[in-house]
Amino acid sequence: MPDRAPSGPAAAFRVRRVTTTRAGGVSKPPFATFNLGDHVGDDPDAVAANRHRLATATGLGDDRIVWMNQVHGTHVEVVDSGDRTIDDTDGLVTTTPMLALAVVTADCVPVLMADARAGVVGAVHAGRVGAARGVVPRALETMVAVGAHVGDVSVLLGPAVSGVNYEVPAEMAAEVERSLPGSRTTTRRGTPGLDLRAGIAAQLRNLGVTAIDLDPRCTAADRNLFSHRRDAPTGRLASLVWLEPVP
């Protein structure tokens, strides 16, 4: 999807956002083929090879990507160097140009945030638990703390399971709705469901973020994407965000 530039004076940086698909890697079934998750039971050498392919294809290099060991929590870490994995973290923020922040998902929402004028980006893993607990507002607060302005922040909500395919018990739908208004929905079967991207978008708008784009793809419906709900065990997609200086 196209990146949205803030209005007003020219931005100092160009924001790049990338989301992978299942294709182009070396992993064997059931992780075939471009699995970027190192916690799902895949061959570690295959995951390393896939991550190297991603680093090369983006032109970043292996030492310019930061990964997370995601735990469905609300911890957000500010980073300034790559080629490492941050433990027990579901959000990353940086002001360092050409340093990509990576989220791995297979139904949860990858939230890619950026203030191109201030030169701040954030990447968030927002599953049902983390989103309800407030990991996205926590990431926005962290971005502001290092120089971002809420009115200049643009957000891409990446591929995730859609509301029509995310069936949950009625009690769970009601519980999440209380914490994340706008997320409760009805599946195509007429049963209670959750649309986390709708809830996160509403949450961001309430916080003052207006530049919100949504990747319409549903991980559960699109066979080109990994989906834990559809195929477990399976691999993980990666969604990356980084800053490039404007020439």
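D231 and R230 form a salt bridge, their closest N and O atoms lying 2.7 Å apart. This is a predicted model in which local features need pLDDT of at least 70 and side-chain atom pairs count only at pLDDT 80 or more, while totals for chains, interfaces and linings use all residues. Residues are numbered from 1 along each chain as its sequence is written, and side-chain values use heavy atoms, with hydrogens and water left out.

**Exercise 1.** Find how many salt bridges there are, and state which residues are linked with D231 in a network.

*Solution.* Step 1: apply the rule, by which a salt bridge is a side-chain nitrogen of Lys or Arg within 4 Å of a carboxyl oxygen of Asp or Glu. Step 2: the count by this rule is nine salt bridges. Step 3: the network of salt bridges links D231 with R22, R223 and R230. D231 has a relative accessible area of 22% and is partly exposed (buried is under 20% relative accessible area, exposed over 50%, partly exposed in between, with a 1.4 Å probe and protein chains only).

**Exercise 2.** Describe the salt bridge between R16 and E244.

*Solution.* Step 1: the closest N and O atoms of R16 and E244 are 3.1 Å apart. Step 2: R16 belongs to strand β1 (residues 13-19) and E244 to strand β13 (residues 237-245), so the pair ties together parts 228 residues apart in sequence. Helices (H or I, at least four residues) and strands (E, at least two) are DSSP runs, numbered from the N terminus. Step 3: R16 is partly exposed at 31% relative accessibility, whereas E244 is buried at 16%.

**Exercise 3.** Give the strand order of the open sheet formed by six strands, and identify its edges.

*Solution.* Step 1: the order is β3-β5-β8-β7-β9-β12, with mixed pairing (two strands pair if DSSP finds at least two bridges between them). Step 2: β3 (76-78) and β12 (211-214) are at the edges, each with a single partner strand, so one side of each lacks a neighbour in the sheet. Step 3: from one strand to the next, the twist averages 15°. Axes are lines fitted to C-alpha atoms, for helices over the stretch in contact, and angles run from 0 to 180 degrees between N-to-C directions.

**Exercise 4.** Describe how β3 pairs with strand β5.

*Solution.* Step 1: strands of a sheet pair through backbone hydrogen bonds, either parallel or antiparallel. Step 2: β3 and β5 (residues 91-94) pair in the parallel sense over three bridges. Step 3: E77 has L92 in β5 as its bridge partner.
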